[in-house]
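I look up one point at a time and write down what I find.

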Amino acid sequence: MIYKVSYVVMGGEHPGGIMNHIQRPEIGQKVEIGKMTFEIIEIHEVMPPRGDFQFLHATVRPVVEAATPDP
């Protein structure tokens with residue numbers, strides 16, 4: 001199955017994107033869109049699966065990396 005996923009970023013400060021995946025994305029999973037990493041917080045089916053495709057909508061939020069202290 002191919003999952004075509006529309007990613008929408010909370011806050012609208014990033015354009016998001018559309019990506020194809022072989023495995024269904026899960027809530028809590030991290031995904032790279034461009035050079036940034038996001039966490040999936042919601043997933044909704046856009047329509048029922050058709051053949052080998054399923055269309056999904058995912059809402060994501062940026063992952064804030066913790067700064068490492070200087071030695």
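**Entry 1, a pair across two strands.** I started with Tyr3, which stands opposite Gln54 in strand 5. The model I am reading is a predicted one. I then looked for a partner of Tyr3 in strand 2, and found that its bridge partner there is His21.

**Entry 2, the pairings of strand 1.** In which sense do strand 1 and strand 5 pair? I noted that they pair in the parallel sense, over eight bridges. Strand 1 and strand 2 pair in the antiparallel sense, and I noted five bridges for them. As background, strands of a sheet pair through backbone hydrogen bonds, either parallel or antiparallel.

I turned next to strand 4, which runs antiparallel to strand 5 and is joined to it by seven bridges. For a pair of residues here I took His44, which stands opposite His57 in strand 5.

I wrote down the strand order as 2-1-5-4-3, in an open sheet of five strands with mixed pairing. Which strands are at the edges? They are strand 2, covering 17-21, and strand 3, and each of these pairs on one side only. I also looked up the angle: neighbouring strands of this sheet are turned by 45° against each other on average, with direction ignored.

How many residues does the largest nonpolar core have? I found twelve, among them Tyr3, Val5, Tyr7 and Val9. Others on the list include Val31, Ile33, Phe38, Ile40, Ile43, Leu56, Ala58 and Val60. At least two residues of this core come from each of strand 1 (2-9), strand 3 (30-33), strand 4 (36-45) and strand 5 (53-62). Strand 1 gives the most, with four residues. As a general remark, nonpolar side chains in soluble globular proteins tend to be buried together.

I picked Ala58, which is found in strand 5. Is Ala58 buried or exposed? Ala58 counts as buried because its relative accessibility is 1%, and the cut-off for buried is under 20%. I then listed its contacts, leaving aside neighbours within four places in sequence: Val5, Ser6, Tyr7, Val8, Ile40, Glu42 and Ile43. Last, I checked Ala58 against Gly17, which lies 41 residues away along the chain. Their C-alpha atoms are separated by 10 Å.

Note on methods: Residues numbered from 1 in each chain as written. Predicted model: local features only at pLDDT ≥ 70, side-chain atom pairs only at ≥ 80, totals over all residues. Heavy atoms only, no water. Core = buried A, V, L, I, M, F, W, Y, C linked by side-chain atoms within 4.5 Å. Buried < 20%, exposed > 50% of the residue type's maximum accessible area, 1.4 Å probe, protein only. Pairing = 2+ DSSP bridges. Axes fitted to C-alpha atoms, helices over the stretch in contact; angles between N-to-C directions. Contact = heavy atoms within 4.5 Å.
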